[in-house]
Amino acid sequence: SPDEPLEEKMAAHAKLTDEIITRIYDKANDLYPEERITETMALGVVGSQAPREMTLPSDSEGRIIMRKKTDAPKSLEFIFREVSIIFDGKAEWTLLLVDAPVPMDVVSKKRLEKEEKRLIRATQLLSARFLTGNRKLFEERIQSFDAQLGTEGKTLAQALIKIWNHRFKK
């Protein structure tokens, strides 16, 4: 209702989004039981406007976490397709592999916008909220990234400074 406080509306949207994504995941599990996605996949959600909360449709972001793309290729494709359809292409869901290091540096000044997006996606994982699937995979990915930050944090900071300087020199 129009009189409902904004926080309550956001919470309702977050709950609805969670339910939609969970149902898509469950449907993939039903369609492709041989892929055992409850063992091979985890879904974590991130919200651009408020960490740990999502709103429809523009703030529907998440991470699909797996060990290898080949663990559940049909389910992965199904989830990406259905999320895109339901959220009218405005939801940004990306795949993160548990042991794949995130490139922490800025490779090309010509591609700074793309580099920035990659770094943001990676760092958002630290504020992600587990939604469904294999919680251990989700936690392992966060631990892996956190360990990488421990050894490459300075490189990440330098990359973010380069991006910041480029953005504000325009």
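Mentor: Leaving aside its neighbours within four places in sequence, Ile79 is in contact (heavy atoms within 4.5 Å) with Ile24, Tyr25, Ala28, Met41 and Ile64. This is a predicted model, in which local features need pLDDT of at least 70, side-chain atom pairs count only at pLDDT 80 or more, and totals for chains, interfaces and linings use all residues. Residues are numbered from 1 along each chain as its sequence is written, and side-chain values use heavy atoms, with hydrogens and water left out.

The buried residues of H3 are Ser75, Leu76, Phe78, Ile79 and Val83, where buried means under 20% relative accessible area and exposed over 50%, with a 1.4 Å probe and protein chains only. Seen down the axis of H3, these residues fall within an arc of 165 degrees, so they line one face of the helix; the arc is that of the directions from the helix axis to the C-beta atoms. Glu77 and Ile85, on the other side of H3, are exposed. The buried residues of H3 pack against H1, helix H2 (37-40), S1, S2 and strand S3 (92-97).

Just after H3, Asp88 adopts a positive phi of about 55 degrees.

Conventions
Helix = DSSP H or I, 4+ residues; strand = E, 2+ residues; numbered from the N terminus.
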